Amino acid sequence: TPKTSSELLIKGELFQDVELIIDSDGLKNSLRNKKDGQTFFGVSNQKDYKGCYYNDYILQFPNMANSYNPNYTGRLFDISYSKKTNDYQLYMINNSMYLYYIIEQSFYFEKEKEYMLLLGKVFIIVVQRERENKEKYLTIRIEFDNSDECDEYEFSERETPITIGRQNANICIDNSSISKKHAIIDYSKHLRKFYFVDNQSTNGSIYIIKEDDTLKIKGDMKFKLNENMFHIMEIP
């Protein structure tokens, strides 16, 4: 079975100035100590009927005490290693919070599902689909605060690149938080996927990871859990 030679180094405000290392077995010096390739981050120090912790690492959030329920896992998200694909993935477990991935590199739309992006202060909903002739296409919905109205667009793989910005773009968004040339959505013929690139915009672009969402970890990635920043780096 192939194993990755890389590890993940995690730093963040919730880790009390401690750098965490995750490898193909899981978090080093974890509370569960299962060596099953999974690392559960949560707010509970509860144990199961065998006396094993539910979480590998307990995040210290203010005003979030353990539940009185002895079966309360308190799990928020999981970072797991896949032997099949030889990589790491982040999986959001809890529906009471969102993870915010700050897009600084190319972001690929991996599945035919709904992706929620925040560009500046504007939400856009992106869905990648496939027609009967195998042609890929996107539906994009722009949602505005305090309004029931939205703008909808549809683009096929042949109509890329798709520019998004405040002026002279395929998708024009009249909002001061949007840069003139905020972002581009392009298509990779080799991977048969659409991907998003932020044009070093002033207010940035964020992918909101909801409950049951997954995201492949690669390179150098920054996230926010509520207002708490953390940083995942892949190291040899």
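A: A salt bridge here is a side-chain nitrogen of Lys or Arg within 4 Å of a carboxyl oxygen of Asp or Glu. The model is a predicted one. Under that cut-off, Glu154 forms a salt bridge with Arg131, and the closest N and O atoms are 2.7 Å apart. Glu154 belongs to strand S13 (residues 150–156), while Arg131 is in the loop between S11 and strand S12 (136–143), so the pair ties together parts that are 23 residues apart in sequence. Glu154 counts as partly exposed because its relative accessibility is 44%. Arg131 is also partly exposed, at a relative accessible area of 28%.

Other salt bridges share partners: Glu130, Lys134, Lys136 and Arg192 are joined by them into one network. Within this group, the side chains of Glu130 and Arg192 meet in a salt bridge with an N to O distance of 3.7 Å. Glu130 lies in strand S11 (residues 122–130) and Arg192 in the loop between strand S16 (183–188) and S17, so this bridge ties together parts that are 62 residues apart in sequence. Glu130 has a relative accessible area of 29% and is therefore partly exposed. For Arg192 the relative accessible area is 34%, which again means partly exposed.

Strand S17 itself takes part through another pair. Glu110 forms a salt bridge with Lys193, with the closest N and O atoms 2.5 Å apart. Glu110 is in the loop between strand S9 (107–108) and strand S10 (114–119), and Lys193 is in strand S17 (residues 193–198); the pair links distant parts of the chain, 83 residues apart. Glu110 is partly exposed, with a relative accessible area of 37%. By the same rule, the count comes to 16 salt bridges.

Ser156 is in strand S13. Its relative accessible area is 3%, so Ser156 is buried. Leaving aside residues up to four places away in sequence, Ser156 touches Arg131, Glu135, Lys136, Tyr137 and Phe194. Glu132, by contrast, is found in the loop between S11 and S12. With 82% relative accessibility, Glu132 counts as exposed. The C-alpha atoms of Glu132 and Lys210 are separated by 29 Å, the two residues being 78 apart along the chain.

The whole chain gives the setting for these details. The protein chain has 0 helices and 21 strands. Its radius of gyration is 20 Å, close to the 18 Å that the globule rule gives for 236 residues, so the chain is as compact as a globular protein of that length. The C-alpha trace spans about 60 × 45 × 35 Å along its principal axes. Of the 236 residues, 45% count as buried. Among contacts between residues at least 6 apart in sequence, 48% join residues at least 24 apart. The chain exposes about 13,100 Å², of which carbon and sulfur atoms supply 43%. As for charge, the chain carries 31 positive and 36 negative charges, and their mean positions are 5 Å apart.

Note on methods:
Residues numbered from 1 in each chain as written. Predicted model: local features only at pLDDT ≥ 70, side-chain atom pairs only at ≥ 80, totals over all residues. Heavy atoms only, no water. Helix = DSSP H or I, 4+ residues; strand = E, 2+ residues; numbered from the N terminus. Rg over C-alpha atoms; globule rule 2.2 N^0.38 Å. Buried < 20%, exposed > 50% of the residue type's maximum accessible area, 1.4 Å probe, protein only. Contact = heavy atoms within 4.5 Å. Areas by Shrake-Rupley, 256 points an atom, 1.4 Å probe, with all protein chains shown as cover. Lys, Arg positive; Asp, Glu negative; His and termini not counted. Charge placed at Lys NZ, Arg CZ, Asp CG, Glu CD.
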